[in-house]
Amino acid sequence: IGQENRGLEYMFVMMNAARYAVGLQGIAVAERAYQKAVAYARDRVQSRPVDGSMNAAATIIHHPDVKRMLMTMRAQIEGCRAMALVAAAAQDAAHAHPEAAVRKQNQVFYEFLVPLVKGFSTEMSIAVTSLGVQVHGGMGFIEETGAAQYYRDARILTIYEGTTAIQANDLIGRKTARDGGATARAICEQIQGTEALLAARGSDAARAMHKRLSAARRALLDVVAFVAGGLAKGSQDSPNAVFAGSVPYLLLAGNVIAGWQMARALLVAEDQLAAGVEVDFMRAKITTARFYGDHILSQVPGVRDSIVEGAAGVTEMALEAF
Ligand SMILES: Cc1cc2nc3c(=O)[nH]c(=O)nc-3n(C[C@H](O)[C@H](O)[C@H](O)COP(=O)(O)OP(=O)(O)OC[C@H]3O[C@@H](n4cnc5c(N)ncnc54)[C@H](O)[C@@H]3O)c2cc1C
């Protein structure tokens, strides 16, 4: 079954595949919750629209807050799905590319993404299936619509195949501190390439995405420096300060990588729209990407502050005080 003393390494081949698959479970259940929520929002009639466009109660999809919930669900699912596909492509290239150096580069990239696909997509699935319940109102809380079943099904995904904290420990230890943050910084350089393409566009959507992506990428670099520096040999910092921000770092990194894919999708969708290809799909993709930038990527700098400046709020509480 293999060479002696390489068992742990072999086990991680299986673990990476299993963790990746659980991330896909999260994306799948979130997608189903979204489809059900959209169908309900098109059917349920409640209250007049705030813009006065109808003189009678409308279906709830007319209400801006319901649309916001549906956009939050949709944008997060699309971001996580794109990140998972990029990870899968990297794994294919890691196996099949003719050049050894490119295979190695893709393997390192894939391994960095695995805890993000697992941890970020499954945490996303809890948030999205919870929103699915919320869109259904009271009908979501009781069992007959099935919305609550998705929420309950999602709840195991952040636990089995290693909890989100265990994914975050992997991200911090093996994927960030071990190479001094080199892989994370190389990814940030690629993100900067996308920023340059966005900056060259004239559209409002590209401008908005450029602003959010560059702020998020800078925040990720700060956190990587905090993590790699805090755990470097000879550092005076306590590892507790770094690990107090472990899951927030995973969620931040997942948000940035998923948001980066939405930025790339925005660029492609603008080109396709200009060429007249699948116009409705491309418009929706651009709006969804912009929503991701303004509503989801925009949270990244605040999370950076919690990690880099907020560890004391965790480390200073005496264990006896709980
Ligand atoms: C429905 C179901 C199906 C399962 N299927 C399988 C299966 O097929 N095969 C299999 O092998 N296992 C399976 N498991 C087990 C599953 O993988 C574990 O439950 C999971 O890995 C968490 O371990 P634990 O339950 O021991 O929790 P614990 O390790 O006790 O974790 C409790 C809490 O402490 C945190 N924690 C623990 N250690 C650390 C740390 N070092 N740093 C930070 N936080 C930490 C965790 O994040 C969590 O919040 C299954 C579990 C369930 C519920």
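Domain bounds here come from an automatic or database domain assignment.

View 1. The structure is a predicted model, in which local features need pLDDT of at least 70 and side-chain atom pairs count only at pLDDT 80 or more, whereas totals for chains, interfaces and linings use all residues. Residues are numbered from 1 along each chain as its sequence is written, and side-chain values use heavy atoms, with hydrogens and water left out. The protein is split into domain 1, residues 7-155, and domain 2, residues 164-313. Their C-alpha centres are 18 Å apart. Domain 1 brings 25 residues to the contact and domain 2 brings 30, contact meaning heavy atoms within 4.5 Å.

**View 2. Buried surface between domain 1 and domain 2.** About 2400 Å² is buried between the two domains, and carbon and sulfur atoms give 74% of this area. Buried area is the accessible area (1.4 Å probe) that two parts lose on being put together, summed over both. Of the area that domain 1 buries against domain 2, F112, P115 and F120 supply 26%, more than any other three residues.

View 3. One salt bridge is found across the interface of domain 1 and domain 2. A salt bridge is a side-chain nitrogen of Lys or Arg within 4 Å of a carboxyl oxygen of Asp or Glu. K285 forms a salt bridge with E78, and their closest N and O atoms are 2.9 Å apart.

**View 4. Surroundings of the ligand.** Residues around the ligand (a heavy atom within 4 Å) are I156, I159, Y160, E161, G162, T163, A165, I166 and N169. A polar side-chain atom of T163 lies 2.7 Å from a ligand oxygen atom. For N169, a polar side-chain atom is 3.2 Å from a ligand nitrogen atom.

How values were computed. Polar contact = N/O pair within 3.5 Å; in protein donor to acceptor, adjacent residues only side chain to side chain.
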